[in-house]
Amino acid sequence: TVTVNPNLTPGAVGSPQSICYNTAPSTLTQTTAPSGGNGTYAFQWQTSSDNSTFTDIPGATLSSYSPGSLTTTTYYRRNVTSGTCGTVPSVSVKITVYNQLTPSTIGADQTICFGTTPAALSQATVPTGGTGTYTYQWQSSPDNSSFTNITGATNTGYSPGSLTATTYYRLNVTSGSCGTVSTPSVKITVYADL
């Protein structure tokens with residue numbers, strides 16, 4: 001009698017994810033169990049930057065795997081070995097990593113007379129990275145250290161009113177769950193009252 005083991009299939013290990021720069025994706029878990037072969041299975045997780053050349057991850061030999069923080073898009077797959085019936089890889093899972101969130105810039109410092117209005121502040125460059133969508137919040141400070149939100153100032157540009165003291169302004173840029181970053185501040189120097 002010649003017993004033929006069923007065809008070895010690797011099962012499935014989750015679905016694609018998109019994450020923010022330098023964060024960890026959700027654990028890659030088995031969604032479909034392997035089947036066939038001799039009925040016993042050993043696992044080896046692998047990683048790739050191009051979905052072509054895969055390398056073993058040392059110690060990653062369980063049915064699931066938790067990657068650490070990632071800064072580039074990475075592919076993962078799980079090899080399943082069943083004795084002498086060979087090794088088959090799962091379909092790879094792509095972890096897309098958004099580019100690092102960087103703020104815009106908001107122009108140059110200004111110097112104005114006491115009680116006058118500075119030129120409007122606007123983005124000189126646009127933010128990049130994150131999810132690709134952004135919300136904005138302008139802030140002001142008397143000392144370039146402690147900043148407070150300016151009520152209603154949530155556009156890419158802001159026009160301060162007349163000033164009687166030197167004031168710093170910056171623009172906070174938020175991109176979904178990828179956090180908030182601040183532009184370098186702009187200093188509006190106000191001359192003393194004449």
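This is a predicted model: local features need pLDDT of at least 70, side-chain atom pairs count only at pLDDT 80 or more; totals for chains, interfaces and linings use all residues.
**Exercise 1.** Classify the ring pair of Y158 and Y169 as stacked, edge-to-face or tilted, and locate both residues in the chain.

*Solution.* 
1. A pair of aromatic rings is described by the distance of the centres and the angle of the planes.
2. For Y158 and Y169, the centres are 5.9 Å apart, and a pair requires centres within 6.5 Å.
3. The planes stand at 45°, so the pair is tilted; stacked would need under 30 degrees and edge-to-face over 60.
4. Y158 belongs to the loop between β9 (148-149) and β10 (167-174), whereas Y169 is in strand β10, 11 residues apart.
5. Both Y158 and Y169 are buried.

**Exercise 2.** Describe the disulfide of C20 and C178, and assign the accessibility class of C85 and C113.

*Solution.* 
1. The whole structure contains 1 disulfide.
2. The sulfur atoms of C20 and C178 lie 1.9 Å apart, within the 2.5 Å cut-off.
3. The angle about the S-S bond is -90°, and the link is left-handed.
4. C20 lies in the loop between β1 (17-19) and β2 (42-48), and C178 in the loop between β10 and β11 (180-182), 158 residues apart.
5. Both C20 and C178 are buried.
6. C85 has 33% relative accessibility and therefore counts as partly exposed; C113, at 47%, also counts as partly exposed.

How values were computed
Residues are numbered from 1 along each chain as its sequence is written. Side-chain values use heavy atoms; hydrogens and water are left out. Rings of Phe, Tyr and Trp (its six-membered ring) pair if their centres lie within 6.5 Å; planes under 30 degrees apart count as stacked, over 60 as edge-to-face and the rest as tilted. Helices (H or I, at least four residues) and strands (E, at least two) are DSSP runs, numbered from the N terminus. Buried means under 20% relative accessible area, exposed over 50%, partly exposed in between (1.4 Å probe, protein chains only).
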